[in-house]
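Work through the exercises below with the sequence and the 3D view open. Try each task before you read its solution.

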Amino acid sequence: MLKKIRIVTALLILWSLTGLLHAAPLKMATTTSTQNSGLLDLLLPAFQKQTGIEVQVIAVGTGKALKMGRDGDVDVVMVHAVAAEEKFVAEGYGTDRVQFMYNDFVIVGPKSDPAGIKDEKSVTAAMTKILEQQAKFVSRGDDSGTHKKEKTLWKAANLTPAGSWYIEAGQGMGKVLQMASELDGYSMTDRGTWLAYKGKVDLALLNAGDEKLSNPYGIIAVSKAKHPDTNYTAAKQMIDWISSEPAQQLIKNYRLHGEPLFIPLLLK
Amino acid sequence: MSADTLRPWLKMQDLTFLRGDRTILKSVSLDIQPGELTLLTGQNGSGKTTLLRILAGLQKPQQVQFEFAGEQQKWRQSYRFLRDQICYLHQQPYLFDGSVSENIAYGLKRQRMGRQAIKAKVAEALEQISLEHLAQRNSRELSGGEKQRVAIARAWALAPRLMLLDEPVSNLDKRSRHICYDLINQLQQQKIGVIYTSHEPQAGHLKINRHLHLYEGEMTTKPLTNEKAAVVELVKGNPNQSRG
Amino acid sequence: METLSAASYQALYLLFSGDSALWTIIGISFSVSVRALIYAAPLAILTAFLLAYFSFPGRRLLVSIFNTALSIPAVVVGLTLYIMLSKAGPLGEWRLLFTQDAMILGQICLCFPLLVAMAHATLQSTDRRAWETALTLGASPVRALLTILHEARFGLIGALVAGFGRIIAEVGSSMMLGGNILNYTRNIPTAIALETSKGSFAEGIALGMVLLFMALFLNIALGQVQGKGAVSQ
């Protein structure tokens, strides 16, 4: 009996040691919309195949992702919020920032389009109409990259959304689309989430293509100077790899529900 | 007691009560005269309590026939009347959380009596049981004998036709027993009918009018041993005629 | 890294400086949960009373069902109601989804079984003689019921406090059914979830403190009330 226990114990210790033999995993904070797009499921295995580095993804809101970087809880951050990224780097929390791809945001709304924005080319005109008609608009309201983008657009159009028609949900993109569908409201979403949800919600794509709706993605290593225990080497490897030709080709060829989603920025 | 007492105000016939497969009461019949003091004896488990609870309208029997004011009634029409006219006191009476006065006022409030009238009636009831000094005491702080007296006063205040006392003295000390017997005698003087049960035939100093005995679910009338009994046989008909 | 203590200080500042956004959230939380409790309690207590005082076929089964329902997770209640209330659902015409009414409905469903189970336990332990005494003294069944509830009030208040504790701190169904809409359906738990996702821990801690203070206050108050009850028994 005692012998058996010894054997089991020894095996347990051996098994726990095997974990140490692997290369230390790379912790990456990213946004839920990035993870929901499915792109990481394509990129990360390719990266691991080439470098042997396992990537652990923590999908949260942009604000939280950057905060995790600031606190040194992760090694690398992949987000889409230009101003916040620049601030993050300027304050010394991040290094080696690269903008490596972009996709775009779209305005969706009820199929009946009560505010009549369908034929507007410019997103500013569309949003003005929504505000004038006081048509329901469901905002993320969670300080996420998408929410920041939306606020920028209102500001650029010189509009201040307020009132019972402007619904600040404080939830993720998918949930906000469901709410817009249930409440017959408009919303702004990244194209990835829209493609994933368009079959499940009672909404239509009503405005897209304006330059202002572009959504560039950045990847930033967490500063080794601020957090010496960070896995900077692996983070740098990740950034170099994602800027490389093969990775950029993968991004270009990625399809979600048969439609291209991301446009690589570093493809020569 | 005059001739009108010979006409029962409540006739109960053919009462049968089963608990599971066991017959607790077997075709029991009972006439109740106004202002009559009845002793009901029987061993533990002979069905005394069940009989009282049925009479009080608290427990539904499998079969019964009531007759009051000359009208035959089924259980469905009777139990409300029984609850109004008859007061049942548990072996250990339950006093509501609150003062002694509040307890005595409980039933009076249900009769939509005015506040002044209730106050007067409560004072009168407290005087009856000589517990005026405990009027504001919380009921939970009373002794067993005091609780029994408050419970009797609470029922008395409602002026019921009949009070059913379930082993009222079995848990009391000697002094409390005597106070309780005195109270029962007073009830009788005020023409309030009483049935009280005991598992021993000792009636103490009570002027009982009739002695009934339950044995294996059947009821018999026993001869009175109490010399002070005013009327020897009040029961019309034969209460122990069993048909089952 | 922002330390816990720094966030806590900031939280206290937010609370006591009367930060209006914070207090709006607290107000919504209480108004929704108190209403849910007020709607759920009478029927729950009546159900508990019927289960405790009367025997009828299926009584034991019902007691088991309510005891089982205690452990249904809030998200399951939320999801079920979501499906019912969504536009495509059977109750979609009510247009209740993402309103306070939907949150109240969810919280009613959550606290009802708890209220029934706890009130049932309390009423079961009350003295049956109280019921019979009330009836024999001429009380109507309704009046006798009220008397029983008064006799059992300490246990029943305990049940209400426990029910309130369950729904005020519940995030799953509120998030799903209310939608966490600012100034409308954003209550303390959903706001904590949001603030945490934004990385603003101070607001989250401030709201958490409100829940903690409230739990402390309710428990002390309950202890006082029940202590009183114990002395006089």
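**Exercise 1. A covered helix in chain C**

Task: List the buried residues of helix 6 of chain C, then say why this helix is largely enclosed.

Solution. 
Step 1. Buried means under 20% relative accessible area; exposed is over 50%, and partly exposed lies in between (1.4 Å probe, protein chains only). Helices (H or I, at least four residues) and strands (E, at least two) are DSSP runs, numbered from the N terminus.
Step 2. In helix 6 of chain C, the buried residues are A130(C), W131(C), E132(C), T133(C), A134(C), L135(C) and T136(C).
Step 3. Helix 6 spans residues 128-136 of chain C, and seven of its nine residues are buried, so the rest of the structure largely encloses it.
Step 4. Look just past the end of the helix: G138(C) has a positive phi of about 95°.

Before going on, note the ground rules. This is a predicted model, in which local features need pLDDT of at least 70 and side-chain atom pairs count only at pLDDT 80 or more, while totals for chains, interfaces and linings use all residues. Residues are numbered from 1 along each chain as its sequence is written, chains are lettered from A and ligands numbered from 1 in the order in which they are written, and side-chain values use heavy atoms, with hydrogens and water left out.

**Exercise 2. A covered helix in chain A**

Task: How many residues of helix 8 of chain A are buried?

Solution. 
Step 1. Helix 8 of chain A covers residues 173-183.
Step 2. Of its 11 residues, 10 are buried, which leaves the helix mostly covered. Among them are M173(A), K175(A), L177(A), M179(A) and L183(A).
Step 3. D184(A) follows helix 8 of chain A, and its phi is positive, near 55°.

**Exercise 3. The interface of chain C and chain A**

Task: Describe where chain C touches chain A.

Solution. 
Step 1. Count contacts (heavy atoms within 4.5 Å). On chain C, 21 residues are in contact with 21 residues of chain A.
Step 2. Take the buried area, the accessible area (1.4 Å probe) that two parts lose on being put together, summed over both. For chain C and chain A this is about 1,800 Å², with 52% from carbon and sulfur atoms.
Step 3. Look for salt bridges (a side-chain nitrogen of Lys or Arg within 4 Å of a carboxyl oxygen of Asp or Glu). The rule finds three here. One of these joins D184(A) and K87(C), with the closest N and O atoms 2.6 Å apart.
Step 4. Find the elements on the side of chain C. Helix 9 (172-178) and helix 10 (188-198) of chain C each supply at least two residues. Helix 10 of chain C gives the most, with four.

**Exercise 4. The interface of chain B and chain C**

Task: Which residues of chain B lose the most area to chain C?

Solution. 
Step 1. Here 22 residues of chain B are in contact with 21 residues of chain C.
Step 2. The two chains bury about 2,000 Å² between them, 52% of it on carbon and sulfur atoms.
Step 3. Y94(B), D97(B) and Y106(B) lose the most, together 29% of what the side of chain B buries.
Step 4. The salt bridge count between chain B and chain C is three. D97(B) forms a salt bridge with R153(C), the closest N and O atoms being 2.9 Å apart.

**Exercise 5. Confidence in chain B**

Task: Where in chain B is the pLDDT below 50?

Solution. 
Step 1. pLDDT is the predictor's confidence in each residue, from 0 to 100. The mean for chain B is 84, and 87% of its residues reach 70 or more.
Step 2. Residues 1-5 of chain B fall below 50; beyond near neighbours in sequence, this stretch has three contacts in the model.
Step 3. Residues 227-244 of chain B are also below 50, and this stretch has 29 contacts beyond near neighbours in sequence.
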